[in-house]
Amino acid sequence: MNKSDKAIKTIKEVISLDELEKTVEKNDDIDKLFDELIGIAKTFNSSINIELIKKAFLISKKYHAEQFRRSGEPFVIHPLEVAKIIASIELDQASIIAAILHDLVEDTDFSIDKVREEFGEEIARIINGVTKLDKIVFHTKEEKQVENLRKMIIAMSEDVRIILVKLADRLHNMRTLTALSKEKIHLKSIETLEVYAPIAHRLGIFQIKSELEDLSFKYLFPRQYEKIKVMLNEKIEERKEFIDDAIKVIKDKLDEIGIRAEISGRVKNYYSIYNKLTTQNKTFDNIFDLIAIRIIVDDVKNCYGVLGIIHSVWKPVPGRFKDYVANPKFNMYQSLHTTVIGKKGVPLEIQIRTTEMHQIAEYGIAAHYKYKENDLKVEEFDKRITWIRQLLDWQKELKNPQDYMESLKLDLFEDEVFVFTPKGKVLNLPRKSTIIDFAYAVHTDIGHNCIGAKINGQMVPIESMLENGDIVEIIVSKTPKGPSRDWLNIVKTSRAINKIKQWFSREERQESLNSGKEIMLKLLRKNGLSFKTVSIDTFEEVAKEMNFEKAETLFRNIGTHKVSAHQIFTKIIKKMNQQDEQPREMTLDDIHQKEDIRRPSTGIKVKGMEGVLVFMAKCCNPVPGDKITGYITRGRGISVHRLDCTNLKNLVENEEARIVEVSWDKNAPSRFNVEIEIEALDRTKLLRDITNIISEYDLNIISTTGGTQRKNGFAKFRFTIEVSNKYILKDVINNLRNIDSVYDVYRVLPKG
């Protein structure tokens, strides 16, 4: 006799199932709901104990008999609907029974001890956990949200099924919210959107998460909800035809090579569309995954095989391929995502995954951690995958349900801690994070000026480590103080480390700037000068000559002793002594004259000539490292071209005598204009990110052209920048290519 049979025998001894069937009044509508529940449960587990579930149903029906919901319907319908949700995400028998009974303890005289006596410790523990989540009395909304989250996190670590029943309970309540007052509908919707939907997301249960979001969105923003609904329905037939055509093309291609696949179309949920429109500054037409095709195959090898076929049929959109198979999301979501340009130029997202990956995506429960910050060892990673598979394939484990239950008692957050601000905002940080990490996670300035903290109302040192569920209040200095270098030995998060280092970097930059100015001022005073007699423009000119973006950069280099103050002083005196003369136009006959036509060095040596006027040809903008040649112009000196310049070839036709040998002068630092072109998918702050990279090299932007093509969402920019050599240019281009959504960067060269 197995444990389930023993449980049934014990229950029959306490309350006879036959007696319940005789005494509990029949109701066709309610009984039909129970039959639907059993039908759903049997689809994924043919060996469920129907008698045990029926026992729970009859008890719930009996004790809720005189209770009605605000809508007027019998109360027992609610727990049955919750149980149907639990069954639809393929949870175990104990969870289904707990869902049927979850309101008994709180709303009837059927005590938790009776539950334990009738159904055993396991089911009693789940129901008790669900009941406790709602029992605390709160004084403020912030306190309520914090406490709700704290209790849910604790519940998840004790038995994940507690929170799953609670999520199903909230989902059915949201489906039937219209019977409540407008104020309660609003409050429940906010709580669902801010608390319950994110938890469903962290557990990887897409089905529940997306419906919770859409229902909350519908109640909170009805006009926006209807607008998106109309926008989606406007071309529904056209979209359906588009999807059907694409599915047929894929199916035919896969049939040709013998890959079995389940192919279907899907539309993005309403709230997700709204979120992209509002937070990502996108237009409706620029949401690439508005419509998508999902392809489910047998194994990982076929995932990549199908991807290759898709890319051979349609052109992929650069930068829109995501490999979540090799790099799972934090909630263990796995799939290949690619966006292609389909029929009539319409973008189409395609998701490719295995059956197992699809189950995880739809129903999976996974630990909440950010994969970009994740540093799990392979064996730990495999352990989590195994745990999820056990949940999804639970019906295969029913022979030993106690062992299965123990596997669910996994601390979901063993690599992270969840802590709260006094206003209820939840922050997740790596385990062993300190007060200082928390302060920087809230805001950089709070981190810089942190002088103390309270955890759960008690004063603690700022190096204290955080525990799950802590409420942390940071005490900041009233006067700006800045971090301590010792903090770098305490903090654990990359954000805190980077912010502290940036602060000291800025401090050092300011110190070197002040030091450089002081050194220069002393030298000027020694020679009877000051910053009043030497204008800032003079320093700017010297800075440009020495390849520095501005005078401030020059002073910092003096302060760090990378540049000699005496060298700068010599250049300043030379500039001050120069006569303000306008150079006359040069002719071919006097090109060899020197002093009267001498210009600041261009970094070019002309073989056999000195002091000649030399300038860089704008048609090809050569930079040090390029192969170059010179061309004697009529009246303007020598123009320097790249050897492969098309314009030069046209110039020297029948005039080869004008070609002169030139070379780069390594001892004459100069800056040269170069054109680069950047192609990208348009997004918010793209131009800012591009210019930030260029400015990091202290490069001057001479001009910029281009912009966004709103029709297709692509952006193209052309920059003219000053660089000192092609090696710096190469480094700049490589860094620009690493910017998110940028898919090509190249130097603009003469067309052949």
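The pLDDT is the predictor's confidence in each residue, on a scale from 0 to 100. This protein is a predicted model, and its mean pLDDT is 76, with 78% of its residues reaching 70 or more. The points below take up the confidence along the chain, then the aromatic rings.

**Confidence along the chain**

- Among the elements of the protein, helix 17 (residues 300-313) has the highest mean pLDDT, at 92, whereas helix 20 (residues 401-408) has the lowest, at 35.
- Over residues 1-13 the pLDDT is below 50, and this stretch has 11 contacts in the model beyond near neighbours in sequence.
- Residues 136-143 also have a pLDDT below 50, and beyond near neighbours in sequence this stretch has 9 contacts in the model.
- Where pLDDT is low, the predicted coordinates should not be read in detail.

**Aromatic pairs**

- The structure holds 9 aromatic pairs, one of which is the stacked pair of Phe34 and Phe57, with 4.5 Å from centre to centre and 10° between the planes.
- This pair links distant parts of the chain, since Phe34 belongs to helix 3 (residues 28-44) and Phe57 to helix 4 (residues 50-63), 23 residues apart; both Phe34 and Phe57 are buried.
- Phe217 and Tyr225 form an edge-to-face pair, with 5.7 Å between the centres and 70° between the planes.
- Phe217 is buried because its relative accessible area is 0%, and Tyr225, at 12% relative accessibility, counts as buried because the cut-off is under 20%.
- Ring pairs link Phe217, Phe221, Tyr225, Tyr270 and Tyr271 into a cluster.

**A charge over a ring**

- Arg485 lies over the face of Phe504, at 4.2 Å from the ring centre.

Note on methods:
Residues numbered from 1 in each chain as written. Predicted model: local features only at pLDDT ≥ 70, side-chain atom pairs only at ≥ 80, totals over all residues. Heavy atoms only, no water. Helix = DSSP H or I, 4+ residues; strand = E, 2+ residues; numbered from the N terminus. Contact = heavy atoms within 4.5 Å. Phe/Tyr/Trp six-rings, centres within 6.5 Å; stacked < 30°, edge-to-face > 60°. Buried < 20%, exposed > 50% of the residue type's maximum accessible area, 1.4 Å probe, protein only. Lys NZ or Arg CZ within 6 Å of the ring centre and 35° of its normal.
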